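Visitor: I'd like a close look at one part of this model. Take me through it slowly, and spell out your cut-offs as you go.

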Amino acid sequence: MNPAAPAPQRPQPLPRTHFRAFRPIGTRWMDNDIYGHVNNVVYYSWFDTAVNAHLIEQGALDIHGGDVIGLVVETQCHYFAPLAFPQPVEAGLRVAHIGRSSVRYEVGIFAAGAQTCAARGHFVHVYVDRDSRRPVAALPAALQRTLEALT
């Protein structure tokens, strides 16, 4: 390690104002682990649920018959405060980057009504042709519009 290099900045919780859309999510009894809080793998499920539900509700994604589907190729999460059943949570959504066939989503998980997130992370979707599984040449127009509204 280079002693002259500055120490990397530790990730910090983000405020609600960082996110463009919110989705309530109920915790379940099975979400808690033996340590009495929501297990880390559940957060990734919340990320996926929040993003895909938003896209479906906006008419930007047809999971059953659309020609284009999103595949997750990267994920990350930072945890700041514990959450536990039966605590309601909210997922905040934001799009950080739109590429030709990929999108980087940022998601904040909040205790209901909290002003800063208990966890935050991102995941990257690559949108591909349903049959060939090859990246699309361009994002469909409805998807592009929905994503731009989240930037």
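Guide: Let's start with Glu106, which is buried at a relative accessible area of 17%; buried means under 20%, exposed over 50% and partly exposed in between, using a 1.4 Å probe on protein chains only. Before going on: this is a predicted model, so local features need pLDDT of at least 70 and side-chain atom pairs count only at pLDDT 80 or more, while totals for chains, interfaces and linings use all residues. Residues are numbered from 1 along each chain as its sequence is written, and side-chain values use heavy atoms, with hydrogens and water left out.

Back to Glu106: its side chain meets that of Arg94 in a salt bridge at 3.3 Å, N to O. Arg94 sits in strand β3 and Glu106 in strand β4 (residues 102-111), so this pair ties together parts twelve residues apart in sequence. Helices (H or I, at least four residues) and strands (E, at least two) are DSSP runs numbered from the N terminus. Arg94 is buried too, at 18%. A salt bridge here is a side-chain nitrogen of Lys or Arg within 4 Å of a carboxyl oxygen of Asp or Glu, and the whole structure has four of them.

Another one joins Glu90 and Arg16, at 2.1 Å from N to O. Glu90 is in β3 (residues 89-98) and Arg16 in the segment before β1, so that pair links parts 74 residues apart in sequence. Arg16 counts as buried, at 16% relative accessibility.

Then there's Arg23 with Glu57, at 2.6 Å, N to O. Arg23 belongs to strand β1 and Glu57 to helix α1, so the pair ties together parts 34 residues apart in sequence. Arg23 is buried at 17%, whereas Glu57 is exposed at 54%.

That brings us to α1 itself. Its buried residues include Trp46, Phe47 and Leu55, and what covers the buried ones includes β1, β3, β4 and α2 (141-148); contact means heavy atoms within 4.5 Å. At the N-terminal end, Asn39 caps α1, with a side-chain oxygen 3.1 Å from the backbone nitrogen of Val41. Just after α1, Gly59 takes a positive phi of about 75°.

Asn39 also makes a side-chain polar contact with Asp33, at 3.2 Å. Asp33 lies in the loop between β1 (21-25) and α1 (40-57). Asp33 is buried yet has no salt bridge, the nearest side chain of opposite charge being Arg28, 13 Å away.

Key: Lys, Arg positive; Asp, Glu negative; His and termini not counted. Polar contact = N/O pair within 3.5 Å; in protein donor to acceptor, adjacent residues only side chain to side chain.
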